[in-house]
Amino acid sequence: DGYRNTNQVSDDYRYQDGNYDAHNDGYYRGRDEPVQEEDAQSDVTEGHDEDDEVYEGEYQGIPHPDDIKEKQKKRAPAVDDEYRDRADLMAERMEDEEQLAHQYENIIEECGHGRFQWTLFFVLGLALMADGVEVFVVGFVLPSAEKDMCLSSSNKGMLGLIVYLGMMVGAVLLGGLADKLGRKQCLIISLAINAAFAFLSSFVQGYGFFLFCRLISGLGIGGTLPIVFAYFSEFLSREKRGEHLSWLCMFWMIGGIYASAMAWSIIPHYGWGFSMGTKYHFHSWRVFVLVCALPCIASLVALKFMPESPRFLLEIGKHDEAWMILKQVHDTNMRAKGEPERVFTVSYIKTPKQVDEFIEIQSSTGTWYQRWLVRITTTLKQVWDNVLYCLTAQYRMNTLMLAVVWFTMALSYYGLIVWFPDMIRYLQDEAYESRVKIFDEEEVSHFTFNFTLENQIHRNGEYRNDKFIGMKFKEVRFEDSLFEDCYFEDVRSSETFFENCTVISTVFYNTDPGCSCCCEHKFINCRLINSTFMKEKEGCHIDFEEDNDFLIYLVSFLGSLSVLPGNIISALLMDKIGRIKMIGGSMLISAVCCFFLFFGNSESAMIGWQCLFCGASIAAWNALDVITVELYPTDKRATAFGILNGLCKFGAILGNSIFSSFVGITKVVPILLASSALVGGGLLALRLPETREQVLM
């Protein structure tokens, strides 16, 4: 019986007029036998694979041809990989990545979209919110900080641009590291740097140290944008990706609203602070800086409970860790849907061939800093190789076109959002100056001033034996005037100057115009004869609330809120009309909005056009984020996004510098520059490849 031929075997197991069926357990039964219940079938078939089907020759001990090939493959790589050309290894890796991309898409679809993705959505949303807050912080604190730290015009300009400079470097550096060290790890590093230095910047007193803290804080937050979008996209299926990445963009808007609301409610309350002696002052604007670090801290804490991207882990060959995370995603979503009995059916996931080599020095070799130096230099070299890879023939055109679109969008958008408040402030100043009161050749003696003088010019006046006690000067100018035997005590001033004046036998006690740091630029070409400065105030001091503070906060608040309709529309239509049409259409509509700025000759008109411009342009930003994620493979995704976002911040620096220089001179140049940049970028965007039907490579 042990030597029966094949015909005998096949006769025993042959089909007879369709009355026998092959079952998954390897036995054949008649059709009239009762069918097993579904649960019993799943128990029987669990762990069974179609590739393990019994083939006829196996009964005779004849190996299957596929088994022979597999054994040959297992023997060959151990020897051949050392001698194979790198191009061959890369070609094999590319083939593996393509298989993985399609398999991973099916796995994500099996895991479903549910509680896990929504939890990650809010955690990463807080990180994106921190990025939005960072853009607005310096602009809101600048008017108060310039008085608190005696900033010159050049210092103010540098403080406004230093954050963008840090964000530009951070986007490239941390984005590149995220492709080598992992999404979660690099995002934690990024948020930790931002939180630490933002917190520190609220306490430092000197301008140089404050500038350094904001630079490093910007460097940290610069890495969040490329990492957040790469991280979240790798948990989304193709059908959900465009929509939910667009919903995620709303947190940037929420960050702007949060910063505006906090500035509005905290900064004007100058009493919300404390002083330690005469040299350390913690004013309300520092409280605002502290509060703005809260979204970053909250995201940092919540991120500790989130897993690494399984797509990244598969890319570096960590199959088991990736499988466990995907099972966690599946089980979390199924439990939330009330289907905890659903089994995660994936048993094996394709991992790409590992080509990169990481040089590791043994603990017994060299010193600790030599080992770390090798690790750091090797990692940075791999990051640089990734940067160069984005400019290879396969991706060069897409990278260059995206770079132009990102740059033109940033130049116009960031330039205009700085130009709008400056123009509104300029219109306010013009209206304020038109109401100035001029006093010529007045003579005042033995009089006590204990009230506020505002928006006045005093020319050729004489003030003898007068007292200025506990009063405020706001926008007051004394020209060619005489002060003799006068007494100034507890006087605060804002934009007040003494020009070509003679000050004789006058005492300044605890007074702004008499403090050492203000004396030089407040007394212009003045003669001070036998005058005394007593109990000088240390440093410059915040005076009192400007009337236009409220409007500036309101403008930023409305500008941030106005993008809400654009966010909703872009999220709902992103997967229907595609990324390319969204970018092109949004940029062209924004360019049209720019032309109408020629008719904005009032504060209300400027606010209205700003809201319209921000609402129209946000769809292009969202679509740019989505298409940048989808155009590049997993091991280059965060690097490419970081490069393009770094270029975006460079465009923001140029836009801020160029547009602000034309405030009060002409509106033509900023409007034409923004419009032409948007039209050029929008038309070029139409030549990019559409990615909405594409799986993540």
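These exercises work through a helix pair, a nonpolar core and a sheet in a predicted model.

**Exercise 1. Describe how helices H9 and H22 pack.**

Step 1: Locate the helices. H9 spans residues 224-233 and H22 spans residues 634-660.

Step 2: Take the geometry. The two axes come within 8 Å and cross at roughly 145 degrees. The crossing of H9 past H22 is right-handed.

Step 3: List the contacts. H9 supplies Leu225, Pro226, Phe229, Ala230 and Ser233. H22 supplies Arg637, Ala638, Phe641, Gly642 and Asn645.

Step 4: Sort by class. This contact holds six nonpolar, three polar and one charged residues.

**Exercise 2. Find which residues touch the most other members of the largest nonpolar core.**

Step 1: Size the core. It has 147 residues. Helix H5 (residues 115-148) gives the largest share, 18 residues.

Step 2: Tyr414 and Trp621 touch the most other members.

Step 3: Check Tyr414. Leaving out residues up to four places away in sequence, Tyr414 touches Val135, Tyr164, Trp252, Trp621, Cys648, Lys649, Ala652 and Asn656.

Step 4: Look beyond this core. Another core of 19 residues lies apart from it, and includes Leu453, Tyr463, Phe478 and Cys486.

**Exercise 3. Work out which strands stand at the edges of the five-stranded open sheet, and why one side of each lacks a neighbour.**

Step 1: Write the order. It is S6-S9-S12-S16-S19, with parallel pairing.

Step 2: Read off the edges. S6 (443-445) and S19 (527-529) each have a single partner strand, so one side of each has no neighbour in the sheet.

Step 3: Neighbouring strands are turned by 5 degrees against each other on average, direction ignored.

Step 4: Three bridges join S6 to S9 (residues 462-464). Ser445 has Arg464 in S9 as its bridge partner.

Note on methods:
Residues are numbered from 1 along each chain as its sequence is written. This is a predicted model: local features need pLDDT of at least 70, side-chain atom pairs count only at pLDDT 80 or more; totals for chains, interfaces and linings use all residues. Side-chain values use heavy atoms; hydrogens and water are left out. Axes are lines fitted to C-alpha atoms, for helices over the stretch in contact, and angles run from 0 to 180 degrees between N-to-C directions. Helices (H or I, at least four residues) and strands (E, at least two) are DSSP runs, numbered from the N terminus. A crossing is left-handed if the near helix is turned anticlockwise from the far one by less than a right angle, and right-handed if clockwise. Contact means heavy atoms within 4.5 Å. Ala, Val, Leu, Ile, Met, Phe, Trp, Tyr, Cys and Pro count as nonpolar, Asp, Glu, Lys and Arg as charged, and the others, Gly among them, as polar. A nonpolar core is a set of buried Ala, Val, Leu, Ile, Met, Phe, Trp, Tyr and Cys residues joined through side-chain atoms within 4.5 Å. Buried means under 20% relative accessible area, exposed over 50%, partly exposed in between (1.4 Å probe, protein chains only). Two strands pair if DSSP finds at least two bridges between them.
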